[in-house]
Amino acid sequence: MVSGVWRSVTVWVASTVTLLALAALLPDFRLESAAGDSVTRVALTAAAGAGVFGLLSSLVWPQLVRLLLLVPAFVLGLLVFFLNGSLLLLALRFNPSGRGEAAPETAVVVAAVMSAVASATGGALAVRDDDAYRRRLYRLAARRRGRGAYPAGAATPGALFIQLDGVGHDVLRTAVDKGLMPTVAAWLGPRDGDGPSHRLLAWRTDWSSQTGASQLGILHGSNHDVPAFRWYEKDRHEVMVCNRPSSAAELQRRAIEHTGDGGLLTVDGASRGNLFSGGADEVALVLSVSVRRGRDNRSRAGYFAYFSDPAGAVRTALSFLAEVGREITQSTRARLARQRPRVGRGGLYPFVRAFATVVERDVVVAAVIGDMLAGRNAVYADLVAYDEVAHHSGPHSRDAEEVLGRLDRSLALLEHAAAHAPRPYRIVVLSDHGQSPGETFRTRHGQSLADLVRTGCGLAVPHPADGAAAHGTRGESTRSGTEARAAVRAALCRPVEEDGTAHRPVPGRTEPVVLASGNLGLISFPDVPHRMSKEEIHRRHPGLLATLAAHPGIGFLLVRSEEHGGVVLGTDGEQTPLALLADERGPLTGFGPGAADAVRRTHSFPRTADIMVNSWHDPATGEVLAFEEQIGSHGGLGGPQGRPFLLAPLALSDPTGDGGELVGAERLHQVFRRWLRECDGPQVPLSGQRTGRADEESGERAA
């Protein structure tokens with residue numbers, strides 16, 4: 001076994017050798033006087049410099065990061081190199097030999113290489129030393145908790161919920177079969193002569209198959225009145241966007257008011273990388289609390305715990321740059337190969353992708369490790385890497401498969417850390433939705449949904465250079481609705497737009513507001529205070545509904561009806577009252593089981609749009625047409641987007657109970673509450689009578 005002292009000595013020797021090698025290679029970096037020194041003197045200078053640099057990194061670096069915690073976290077990641085270079089210059093200045101100097105830009109390079117070598121050496125030794133590995137993780141957790149001691153732990157297990165954002169059931173199954181996810185494969189297969197430890201099953205989302213609706217239902221028990229990722233609220237004259245911090249905070253407030261409960265994580269829970277807190281006191285990278293100012297915003301505190309380790313910070317920064325280069329290479333290759341479908345991946349997207357696949361992953365995983373080592377009862381964390389890449393590269397692309405392999409390694413790390421926790425943990429892995437492939441509506445038909453709506457209303461269709469906003473119609477020119485962009489904004493300390501005009505229609509305009517949520521479109525008339533009926537829309541714009549329903553890129557429409565309460569309009573002109581709506585018959589043919597119930601539930605929401613538009617869907621291929629610029633989309637009905645997965649330990653009870661299908665995020669909330677009771681962990685403070693009613697209602701929806 002490698003002792004802690006021996007490991008430190010080994011890292012020091014490796015750093016010394018690195019300094020000597022860099023001094024020989026870099027012209028602006030030297031470890032000897034201008035007149036020259038003996039080999040022994042140079043070696044001693046290198047050893048002293050490496051020692052002082054290591055000491056400064058251990059003592060000074062955490063304090064620097066704490067002082068810079070108010071700096072945007074995204075910027076802090078870029079400052080890692082500068083800070084490390086500054087520490088090296090200090091180390092050379094205070095070197096006992098009095099020799100050694102470097103140009104500032106050279107010091108940055110040398111410090112980065114030294115930190116990377118130290119991290120690699122220490123990590124390699126720690127892999128062979130369980131005690132050293134545990135101590136390293138304990139130090140990380142100690143920084144999070146602000147103390148050096150840990151509770152002895154409870155005999156009862158805790159629960160860890162890891163959400164792999166956007167990974168569909170079939171995508172996960174295929175990745176396991178291809179050998180891309182060995183950790184998941186080991187859970188599902190024989191382990192050391194024993195049987196599988198986990199069970200894998202699919203569950204079905206609501207019509208709004210996106211993170212906002214799913215995660216709100218899972219964490220807070222209600223996604224009532226969340227019709228889409230984006231929608232216009234007539235009573236507030238504002239566009240709600242699930243990944244906008246102020247909207248997320250409002251949705252969380254409404255869910256708590258609707259259920260009378262703080263959330264799944266209210267008792268000794270932690271929420272990491274999510275849109276909503278789930279009632280947890282411990283939060284990191286949680287959007288609904290990032291809108292707060294001052295002491296009430298603890299969401300970014302997780303950055304300090306991670307970046308206070310200089311080696312880890314440099315490793316993440318280098319991985320970030322490598323991921324930017326990987327995205328540029330992959331997008332260039334796709335463009336040169338003329339791959340179809342394809343969307344633009346330029347501008348800031350390579351940096352957004354790198355943030356999602358590297359920075360957020362590393363910070364969230366580190367926070368979860370700290371939570372387990374602190375013995376928390378329940379932890380829920382979201383890893384958004386796959387969802388971000390699949391939106392732009394496709395859910396079945398090689399780019400997305402590579403991300404799945406890296407996520408599997410994160411699961412392995414968490415499983416390893418759980419073995420060192422003061423209590424056992426039940427590790428549950430799930431997704432909030434899948435993704436459906438297909439080119440965009442604009443690419444297939446040469447116009448956007450907003451342009452089609454304007455045509456149906458008899459309004460002039462603007463030239464692309466003019467923009468729909470100039471004519472008062474909001475279209476799907478809004479950025480693709482991924483959680484990564486919102487996380488980047490929060491990390492930059494810009495979680496909310498300074499003015500609200502970006503989320504409000506132009507005053508005095510009567511043109512419709514057209515919004516996109518994947519392959520689900522929403523059309524609202526802001527000058528009419530109530531939800532318009534089919535008859536009212538026909539009187540105002542006689543050709544609109546017929547134009548939309550007859551378009552080959554549209555699957556079906558949902559509108560309110562004065563005669564029937566609500567009707568679904570199909571492409572053949574058929575009008576089906578909601579009371580007669582059925583799966584796999586009429587306008588919902590091919591959209592899968594549960595489609596009729598999902599449509600009826602959305603119709604019951606007070607803030608459902610005047611016209612709900614679901615795109616065309618090919619049942620044979622699972623393809624849809626996204627109204628946003630995405631070739632892997634989710635948000636509506638059709639294809640694998642509505643079939644996420646649940647991977648749960650066999651030690652927990654069967655989530656389906658009677659063997660039926662899991663339907664809706666609210667049902668998952670009830671299942672998770674049951675599992676927490678089985679773990680003898682935190683219980684959401686609801687009466688047993690109310691819990692029983694919720695389970696019965698969820699069961700009725702599943703039936």
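Is Asp 268 buried, exposed or partly exposed? Select Asp 268 and look at its surface. Asp 268 is partly exposed, because its relative accessible area is 34%. (Buried means under 20% relative accessible area, exposed over 50%, and partly exposed in between, with a 1.4 Å probe and protein chains only.)

Before moving on, note what is on screen. This is a predicted model, where local features need pLDDT of at least 70 and side-chain atom pairs count only at pLDDT 80 or more, while totals for chains, interfaces and linings use all residues. Residues are numbered from 1 along each chain as its sequence is written, and side-chain values use heavy atoms, with hydrogens and water left out.

**Stop 1: Asp 268**

Stay on Asp 268. It lies in the loop between α10 (245-259) and β7 (269-272). Asp 268 is not a glycine, yet its phi is positive, at about 50°.

**Stop 2: the loop between α13 and α14**

Select Arg 338 next. Arg 338 sits in the loop between α13 and α14. Its phi is also positive, about 55°, although Arg 338 is not a glycine. Arg 338 counts as exposed because its relative accessibility is 67%.

Now pick Arg 340. This residue is in the loop between α13 (310-336) and α14 (349-373). Arg 340 has 61% relative accessibility, so it counts as exposed. Step on to Pro 341, found in the loop between α13 and α14. The peptide bond from Arg 340 to Pro 341 is cis, with omega near -5°.

Together with Arg 338 and Arg 340, they form a positive surface patch. (Patch residues have over 30% relative accessible area and no salt bridge, and like charges are joined within 9 Å; a salt bridge is a side-chain nitrogen of Lys or Arg within 4 Å of a carboxyl oxygen of Asp or Glu.)

**Stop 3: Ser 533**

Go to Ser 533, in the loop between β13 (520-524) and α20 (534-540). Ser 533 is buried, because its relative accessible area is 0%. The side chains of Ser 533 and Glu 562 make a polar contact at 3.0 Å.

**Stop 4: helix α22**

Finish with residues 595-603, helix α22. How many of its nine residues are buried? Seven are, so the helix is mostly covered. Among the buried residues are Val 599, Arg 601 and His 603.

Key. Patches are made of residues with over 30% relative accessible area and no salt bridge: like charges are joined within 9 Å, nonpolar side chains (Val, Leu, Ile, Met, Phe, Trp, Tyr) within 5 Å. Accessible areas come from the Shrake-Rupley method with a 1.4 Å probe; for residues, only the protein chains shown count as cover. Lys and Arg count as positive and Asp and Glu as negative; His and the chain ends are not counted. The place of a charge is taken as NZ of Lys, CZ of Arg, CG of Asp or CD of Glu. Helices (H or I, at least four residues) and strands (E, at least two) are DSSP runs, numbered from the N terminus. A polar contact is a pair of N or O atoms within 3.5 Å; within protein, one must be able to donate a hydrogen and the other to accept it, and residues adjacent in sequence count only if both atoms are side-chain atoms.
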